[in-house]
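I opened this notebook to record what I looked up in the structure below.

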Amino acid sequence: MRKPKIAVLGATGVVGRHILEILEENNVVYEDIKFLASKKSAGKVLQFKGKNYKVEEAVPDSFEGVNIVLASAGGSTSLVLAPEAVKRGAVYIDNSSAFRMEKDVPLVIAGVNDEDIRTHKGIIANPNCSTSQLMLVLKPLHDYAEIKRMVVSTYQSVSGAGLAAINELRDNTIAVNNKQAFKNTVFKKPIAYNCIPQIDVFCENGYTKEEMKVTNETRKILHLKPDTPISCTAVRVPVFVGHSEAVSVEFERNITPEKAREILNNAWGVKVIDNPADYEFPTAVMAAGTNPVYVGRIRKDIAFDNAICFWCVADNLRIGAALNTVRIAEKVVEMQVF
Ligand SMILES: NC(=O)c1ccc[n+]([C@@H]2O[C@H](COP(=O)([O-])OP(=O)(O)OC[C@H]3O[C@@H](n4cnc5c(N)ncnc54)[C@H](OP(=O)(O)O)[C@@H]3O)[C@@H](O)[C@H]2O)c1
């Protein structure tokens with residue numbers, strides 16, 4: 001089996017650092033590895049597998065001889081660098097939203113639609129964090145009863161908006177505690193002790209781009225009908241790591257909460273914690289730093305026929321970004337499609 005030469009682009013960012021951590025944990029095989037970021041970070045030293053590596057500035061020639069790029073450097077950087085990497089023969093696995101909805105770009109959650117990887121033409125996209133955690137839960141339920149429509153409300157942690165947002169929650173909270181004035185810059189409203197019903201910019205239909213990502217990406221990954229009704233409200237909450245979601249799904253065929261629990265108990269990558277009588281249900285704090293997508297509060301949705309409600313929690317930096325990126329890379333190697 002050929003081993004790839006890997007480049008981690010955006011290695012100094014929140015997602016990039018988690019990619020390093022997970023590459024180590026999963027003991028991913030490679031022939032060579034390098035770490036890229038902006039000019040600002042060139043020369044910084046990163047530790048990986050007990051060795052020191054100098055971060056290099058990402059320029060088109062950085063991808064010469066590279067087989068797989070694990071990219072988390074933002075959409076505008078990917079728009080410039082992905083074509084350069086692909087031109088040089090690399091498979092570019094991208095965390096940004098730049099290419100997700102393009103027809104020729106597979107949008108993949110490992111363990112859900114692996115076969116789509118084989119159709120890649122150089123770029124493979126990693127879904128938005130809120131979509132990602134839902135897919136491992138929805139896929140087995142969809143296989144059993146077929147999704148008819150879905151309503152999702154997300155409670156998203158600040159780490160989903162990068163390092164600057166993490167710092168702003170901390171500093172804003174300290175300022176409020178000390179009764180000091182604070183000017184928010186990452187968020188448009190105070191994030192300390194508050195919930196903000198806006199993530200990303202507003203679209204013409206009144207939804208935000210983040211909300212429409214959940215709608216469109218879910219349809220693409222699960223190969224649903226293009227007009228399957230999916231409505232999302234995305235809310236930023238003062239949590240450092242871990243996104244939570246309240247989900248209501250109506251199915252074409254009958255499914256009971258007991259059956260849904262049984263299916264999810266056997267689902268790969270999912271852990272059911274569902275014993276409300278003893279206050280056992282998942283929360284963001286317990287999910288942070290771990291790999292599973294947790295599901296609890298599974299019950300019949302009394303507002304629709306054949307519908308189930310549940311609460312779904314995961315580490316947005318892992319399954320929502322870095323973990324799935326590394327898992328896609330592992331599949332690319334396993335399938336030898338690089
Ligand atoms: N955080 C999440 O939960 C999450 C989930 C899914 C997807 N994503 C996506 O992943 C990407 C990164 O997010 P993040 O949270 O890790 O952001 P971040 O903490 O701000 O890190 C950004 C990274 O990109 C690098 N970078 C910026 N401009 C660059 C350029 N021109 N050339 C090369 N490298 C450049 C930065 O390098 P320097 O350190 O040198 O500036 C840094 O390594 C974004 O597209 C984001 O939407 C994030």
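**Entry 1, the chain.** I count a residue as buried if 20 or more other C-beta atoms lie within 10 Å of its own, as exposed if 12 or fewer do, and as partly exposed in between, with C-beta atoms placed from the backbone. By that rule 46% of the 338 residues of the protein chain are buried. I note that the model is predicted: local features need pLDDT of at least 70, side-chain atom pairs count only at pLDDT 80 or more, and totals for chains, interfaces and linings use all residues. Residues are numbered from 1 along each chain as its sequence is written.

I looked up the secondary structure and found 8 helices and 14 strands in the protein chain; helices (H or I, at least four residues) and strands (E, at least two) are DSSP runs, numbered from the N terminus. The radius of gyration is 20 Å, close to the 20 Å of the globule rule for 338 residues, so the chain is as compact as a globular protein of that length. This radius is taken over C-alpha atoms, and the rule is 2.2 Å times the number of residues to the power 0.38. Along the principal axes, the C-alpha atoms fill a box of roughly 55 × 55 × 40 Å.

I located α4 at residues 163-177; its 15 residues reach 22 Å from first C-alpha to last, close to the expected 21 Å, that is, 1.5 Å times one less than the number of residues. Its buried residues are A165, E168, L169 and N172. They fall within an arc of 100 degrees seen down the axis of α4, so they line one face of the helix; the arc is that of the directions from the helix axis to the C-beta atoms. On the other side of α4, I found N167, I174 and N177 exposed. Just after α4, K179 takes a positive phi of about 55 degrees.

I placed F99 in the loop between β7 (91-94) and β8 (123-125). F99 counts as buried because it has 20 C-beta neighbours inside 10 Å. Its C-alpha atom is separated by 8.5 Å from that of G75, 24 residues apart along the chain.

I found 28 residues around the ligand, the closest being G10, G13, S38, S41 and G162; a residue is included if its C-beta atom, placed from the backbone, lies within 6 Å. The largest share of this shell, 3 residues, comes from α1.
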